[in-house]
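Keep the structure open beside the text.

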Amino acid sequence: MIEVVNVYKSFGSHEVLKNISAQFKPGSTNLIIGASGSGKTTLMKCMVGLHEVSSGEVYYNGRDFTKLDFKSRIPIRKEIGMLFQGVALFDSMTVQENIMFPLNMFSDQSHEEKLERVNFCLKRVDLDGVNKLLPSELSGGMKKRVGIARAIAMKPEYLYCDEPNSGLDPKTSILIDQLIQEITHEYEMTTIVVTHDMNSVMEIGEHIIFIYDGELKWEGNNQDILHSDSPDLDNFIFASKFMQALKKNK
Amino acid sequence: MILEHFGRYCLLIHSLFLKPEKFSVYWKEILREMVSIGIGSLGIVVIISLFFGMVTAVQTAAQLIDSIFISKSVIGTITRDSSILELSPTIGCLVLAGRVGSNIASQIGTMRVTEQIDALEIMGINSSGYLILPKIIACITMIPMLIILSMALSIFGGLIAGGLAGIVSRQEYIAGITGGFQTRYLVIGLIKSFIYGFIISSIAAYQGFYTKGGALDVGKSSTRAVVFSSVAILLFDYIVAQLFL
């Protein structure tokens, strides 16, 4: 479980996160949603240590991540997998080398064992036989899948996904969302997805927190998000004419 | 502002010396960088070095043309000493700052803006150590080797130019380059190339590592890497000359 306690973050005098507290449970897809600039990506970066919090704590199964130095964080980081918005595959490496990279760095397995793991991960994301391709030879959806395969290569306990649908068509987006949810349930991972895609919210939002202007304004799931009493969340969800019409018809 | 950059630069260099996650992976990277920097720069080094010597020989001859008291073998001596002390290490490294430095800065800068460095950090890898240390080690080993080659080719270039233009005979030129040779000039030239190798790689890596923004900013980092390392090379050229000559 990941627990965020009173996380506050400012850049100079600009307050980005204002005392956010939340719990993210294993085996479910947790969504952090909000408009662009609301602070959701900053929250995620604070949780994984890419930004240092100004105050507050982030606990991974009771271990306070924010108090640890670089070296002490390594054991926790080995338990984290992450899918970046731009996927962040190493473009000088093939698909196989990308997925094998964390294994090469941290595992003492033989090459054959590592290769077996790579093939397993690729199969899990429905991408057999692309081992020797370079990231530049893959489509957007395939890159996302490879990103997921690399993220799960070390059998992480925690999976972060930063806007996994960005740049994808609606159908591929849904497939990626479903893949993330399946993997989460299968491996009992604590998955956190940062998104502002309403399709994702409705598809996989088992636990959702809504951030508005750096504050946590609403918490719930995809069943009750359409009936929230938060005006800020309403403005966010029903921003499009389609959603407004949907609400009117209801 | 300058102090802030210098402080960050020192912290970055300090962070390189954390224990490597896996030595074998680092070793492979070092070898890969050595090939990229060493073999990759051979062509440009060969071309510029030959011309260093050819131009020096012709210009020295032009200044001695009316003198009947100075032996033409001096052309060989001046070409040799200029090549070893200044042309190959300093001008050669200024050229390498353009070729190697801009490459390092743009490579690391691109990794920064495409979140590849963040990906390394998330995996628990010391990104600065993994990305920068192999490049610095490759530069401080390969650049002195390239400069030794450059010195030899520059002296050989002088011989070619002397023969082609008929300004100095082969025997006179060889007498010039073999007479009065001072080993300390070679040592000073190698010290310079070692220092410049560190300057080129570390400044370029610093510029790339702290790139912010997008593709345009990668280009700016690359330009800054070449400009700052060129200035630093000339500054240290003066310091080394003051200290050792």
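How many bridges join strand β1 of chain A to strand β4 of chain A? Five do. The model is a predicted one. In it, β1(A) covers residues 2-11 and β4(A) covers residues 55-60, and the two run antiparallel. One position to look at is V5(A), which stands opposite E57(A) in β4(A).

This pair belongs to an open sheet of four strands in chain A. Its order is β2-β1-β4-β5, and the pairing is antiparallel. The edges are held by β2 (14-24) and β5 (63-64) of chain A. Each has a single partner strand, so one side of each lacks a neighbour in the sheet. In general, strands of a sheet pair through backbone hydrogen bonds, either parallel or antiparallel.

A helix crosses this sheet. Helix α1 of chain A, residues 40-48, lies across β1, β2 and β4 of chain A. Its direction runs at about 115 degrees to β1(A). Next, take L43(A). Leaving aside residues up to four places away in sequence, L43(A) touches V7(A), L17(A), I20(A), I32(A) and I211(A).

Now turn to the other sheet described here. Six strands of chain A form an open sheet in the order β6-β7-β8-β3-β9-β10, with mixed pairing. Here β6 and β10 (215-220) of chain A are the edge strands. Each pairs with a single strand, so one of its sides is left without a neighbour in the sheet. From one strand to the next, the twist averages 20 degrees.

G81(A) stands opposite L159(A) in β7(A). Helix α5 of chain A, residues 140-152, packs on the sheet and touches β6 and β7 of chain A. Its direction makes about 170 degrees with that of β6(A). Helix α6 of chain A, residues 170-187, lies across β3 (28-33), β7 and β8 (190-195) of chain A. It runs at about 135 degrees to β3(A).

Chain B is built another way. It has nine helices and zero strands. Its C-alpha atoms fill a box of roughly 70 × 40 × 30 Å along the principal axes. Of the 245 residues in chain B, 45% are buried. Among contacts in chain B with a separation of 6 or more, 88% link residues 24 or more positions apart.

Where do the chains meet? In all, 15 residues of chain A are in contact with 13 residues of chain B. On the chain A side, α2 (70-77), β6 (80-83) and α3 (95-106) each supply at least two residues. The largest share, four residues, comes from α3(A). By class, this side of chain A has eleven nonpolar, two polar and two charged residues.

Last comes the interior. In soluble globular proteins, nonpolar side chains tend to be buried together. The largest nonpolar core in this model has 125 residues. Those with the most contacts inside this core are I32(A), L43(A), A149(A), Y160(A), F210(A) and I200(B). The element that gives the most to the core is helix α6 of chain B, residues 127-165, with 16 residues.

Definitions and conventions: Residues numbered from 1 in each chain as written. Chains lettered and ligands numbered in written order. Predicted model: local features only at pLDDT ≥ 70, side-chain atom pairs only at ≥ 80, totals over all residues. Core = buried A, V, L, I, M, F, W, Y, C linked by C-beta atoms within 7 Å. Buried ≥ 20, exposed ≤ 12 C-beta atoms within 10 Å, placed from the backbone. Contact = placed C-beta atoms within 7 Å. Pairing = 2+ DSSP bridges. Axes fitted to C-alpha atoms, helices over the stretch in contact; angles between N-to-C directions. Nonpolar A, V, L, I, M, F, W, Y, C, P; charged D, E, K, R; others polar.
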